[in-house]
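Have the viewer open and follow along.

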Amino acid sequence: MAWHEKILRVDLTKGTCQAEALNMEWAEQFLGQRGLATKYLGENMDPAADPLSPGNVLIFATGPLTGTSAATGGRYSVITKGALTGAIACSNSGGYWGGELRLAGWDMVLITGKAKTPVYLNIQDDKAELLDARDFIWGQSVWETEARIKERHQDGRTRIASIGRAGEKLARYACVINDLDRAAGRSGVGAVMGSKNLKAIAVRGTSGVKVKDMEAFHVAVTAARAKLDPSGDRAGLAATGTISMLDITQAFGSLPTRNNRDVQFEGADKIGATAMATPRRSDGQPNLINNKACFSCTIGCGRVSKIDPNHFSVQGKDRYKAASGGLEYESVYALGPMVGVDDIDAATYANYICNEEGMDPISFGATLAAAMELYDIGAITDADTDGLKLEFGSAEALVKGVELAGLGEGFGADLGLGAKLLCEKYGNPDLAMVVKGQEFPGYDGRSMQGMALAYATSNRGACHLKADPYGDDFDGGPIEGKAKIVYESQNSVAAVDSSGLCLFPMSVWDLTDVASQVDAACGGGWTAERLAETGERIWNLERQFNLDAGLTGKDDTLPKRILKDAAKSGAGKGKVAELDKMLPAYYEMRGWDDEGVPTTQTLQRLALT
Amino acid sequence: MNITVKMVAIRPPAPPQPERKMELPEGATVADALAGLGLAKPDSHATLLNDESVPAGTRAGKLLKANDILTVFPPIHGG
């Protein structure tokens with residue numbers, strides 16, 4: 001069995017850490033990671049609880065393939081009720097932390113309550129203890145936290161997942177960062193961690209992960225790698241990362257620009273993959289230094305960058321002149337076109353600060369974009385911003401804004417609200433480009449209709465990673481086919497998210513390739529069909545959590561701008577998102593009633609009653 | 001007739017010249033142009049003709065005219 005069959009239960013209120021057996025009946029139903037942790041979440045908390053109260057539960061969960069030699073088998077997820085959304089949160093991260101937790105012998109860490117004073121959790125193989133974070137790492141950035149923990153415990157191979165000052169200040173989109181620049185990024189899972197007075201989880205493991213059938217597992221992993229490793233998709237991701245998507249969304253006209261006022265950005269060529277790799281005039285060096293990979297990954301889509309040492313953002317700040325995690329598509333969209341900025345070094349700096357202080361760059365950028373539009377129409381004034389000119393296109397506003405938001409100081413406290421609450425506060429709720437309170441990723445739903453449906457129906461709010469409508473959207477597929485594509489891909493993604501694997505190999509693999517590896521590792525007859533059914537079960541479980549939390553079918557919608565204002569250019573010129581045509585077909589396909597509630601028959605079919 | 005072809009974010013091994021002029025006979029279609037680009041798997045790419053999507057199933061019947069702009073890109077996934 002690839003599961004250790006062991007979880008760590010941490011009660012912060014009591015200050016206790018206890019091992020308990022993993023519920024294997026649930027593992028058979030929900031696989032691991034996203035699915036299994038959602039089951040644990042629903043069984044351990046009241047979904048109606050305030051996400052920032054001690055009643056919320058915070059789970060760090062791995063999949064059965066996390067920590068194995070399966071290509072990209074290093075993922076973990078943070079599952080909780082999102083501080084940004086009040087909905088289910090499932091934020092997935094790579095790096096090395098998830099693999100290390102498995103090497104320490106744990107499948108999951110389940111955290112309840114709230115510590116009286118700030119603490120951090122230290123896991124050394126089968127030993128776990130809560131340690132005082134005061135006068136040590138509380139009040140420090142993610143980067144400083146990692147360095148201090150490694151120094152105190154005298155082990156450079158300790159892996160750390162932590163929050164920055166944004167999480168301590170309860171910025172609604174604060175995230176959890178591991179390995180300095182890998183993020184469980186979305187929905188405010190870092191704010192939940194901060195609300196519990198939990199600063200970090202350090203983990204060091206020296207054991208391994210056993211699989212059910214080593215020979216079959218080796219055959220399955222080798223076969224999957226034989227597909228993935230020579231593929232053009234893998235080579236493209238290694239060479240340019242995800243940032244090459246910018247050239248596509250720019251060409252297609254689905255690149256959210258200036259808070260979705262526009263769908264193409266005149267400065268795209270200054271911040272895209274080519275610009276990133278082109279030597280600068282100032283010092284002859286490119287922004288892009290290298291690529292890097294997560295645990296057991298054969299792709300290496302991660303970027304390593306260096307900011308121009310002459311750039312205004314880093315003057316007098318030497319630590320930002322060193323190489324660090326660079327821009328990816330979502331971060332460059334949010335810190336570039338969405339705020340109208342075409343300065344790649346300013347965007348890279350803002351990305352560094354998001355990593356250093358633990359903020360989701362998508363939500364930060366989209367919130368700043370909303371603030372810029374509010375400023376543009378006079379709803380926010382210099383009096384609100386202490387004189388900061390929040391003008392679209394201002395690299396200075398981006399740099400200052402991210403610094404303030406990271407520390408929760410001045411207008412940064414308002415930016416920490418997220419776009420929804422910010423726009424409500426300043427009297428223009430329609431200007432928030434959000435679904436269920438979560439800001440848009442880098443795709444406009446007027447030219448990408450499948451993505452519009454995917455955003456509207458995503459259980460965690462607007463998300464580009466919970467469905468896979470890309471191919472059909474870019475091919476101009478008909479509206480009538482969107483519901484099926486979104487429904488089926490949501491199920492597939494939920495299964496992959498529960499396995500310990502990354503989604504990126506899925507441009508080359510299908511569920512058969514995942515199933516062969518899961519079955520060899522776990523036994524029990526895992527097939528592509530069973531994975532798809534498991535994904536559907538997980539999707540409905542998340543839906544039930546949201547309904548119990550108070551969300552309804554009315555939350556499956558999009559901002560007025562996307563539904564009413566036609567796109568100005570590109571493939572979607574003259575179009576709005578046709579959600580009214582797609583949503584009923586989607587509900588029917590899901591086996592939900594007209595209000596978006598799963599029917600009794602659907603729940604029975606999926607063994608959820 | 002001459003058209004302009006723009007190739008965007010093409011995965012390795014990518015043909016040279018991301019933007020080029022292409023000489024085609026009258027009556028040529030989007031499928032004809034796509035087949036002449038030297039792409040490893042031309043059918044797996046998405047196409048825009050003057051900013052309008054041309055779905056894969058319609059390319060063989062989509063006639064080109066002089067000065068058209070054909071944009072070609074891989075339908076890569078997000079991240």
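Lys420(A) is partly exposed, at a relative accessible area of 34% (buried means under 20% relative accessible area, exposed over 50%, partly exposed in between, with a 1.4 Å probe and protein chains only). Because Glu424(A) and Lys420(A) are four residues apart in helix H17 (residues 419–425) of chain A, about one helical turn separates them. Helices (H or I, at least four residues) and strands (E, at least two) are DSSP runs, numbered from the N terminus.

## About the model

This is a predicted model, in which local features need pLDDT of at least 70 and side-chain atom pairs count only at pLDDT 80 or more, while totals for chains, interfaces and linings use all residues. Residues are numbered from 1 along each chain as its sequence is written, chains are lettered from A and ligands numbered from 1 in the order in which they are written, and side-chain values use heavy atoms, leaving out hydrogens and water.

The pLDDT, the predictor's confidence in each residue from 0 to 100, averages 92 in chain B, where 99% of the residues score at least 70. For the complex, the predictor gives an ipTM of 0.95 and a pTM of 0.98.

## Other salt bridges

Over all chains, the count comes to 49 salt bridges. One of them pairs Glu536(A) with Arg605(A), at 2.9 Å between the closest N and O atoms. Glu536(A) lies in helix H22 of chain A and Arg605(A) in helix H25 (residues 600–605) of chain A, so this pair ties together parts 69 residues apart in sequence. Glu536(A) is buried at 5% relative accessible area, whereas Arg605(A) is partly exposed at 45%. Shared partners also join Arg34(A), Lys466(A), Asp497(A) and Glu542(A) into one salt-bridge network.

## A covered helix and a buried lysine

How many residues of helix H18 (residues 449–457) of chain A are buried? Nine of its nine are, and the helix is mostly covered. The elements that its buried residues pack against include H19, helix H20 (482–496) and helix H22 (528–549) of chain A.

Lys436(A) sits in the loop between E16 and strand E17 (438–439) of chain A, and is buried at 10% relative accessible area. A polar atom of its side chain lies 2.9 Å from the backbone oxygen of Ala456(A). The side chain of Lys436(A) also reaches the backbone oxygen of Ser458(A) at 3.0 Å.

## Where the chains meet

Contact (heavy atoms within 4.5 Å) between the two chains takes in 28 residues from chain A and 20 residues from chain B. The buried area is about 1900 Å², with 63% from carbon and sulfur atoms; buried area is the accessible area (1.4 Å probe) that two parts lose on being put together, summed over both. In chain A, Ile248(A), Phe474(A) and Asp475(A) lose the most area to chain B, together 26% of what that side buries.

Two salt bridges cross the interface of chain A and chain B. Arg11(B) and Asp233(A) meet in a salt bridge at 3.8 Å, N to O. On the side of chain A that touches chain B, H8(A) gives the most, with six residues.

Note on methods
A salt bridge is a side-chain nitrogen of Lys or Arg within 4 Å of a carboxyl oxygen of Asp or Glu. A polar contact is a pair of N or O atoms within 3.5 Å; within protein, one must be able to donate a hydrogen and the other to accept it, and residues adjacent in sequence count only if both atoms are side-chain atoms.
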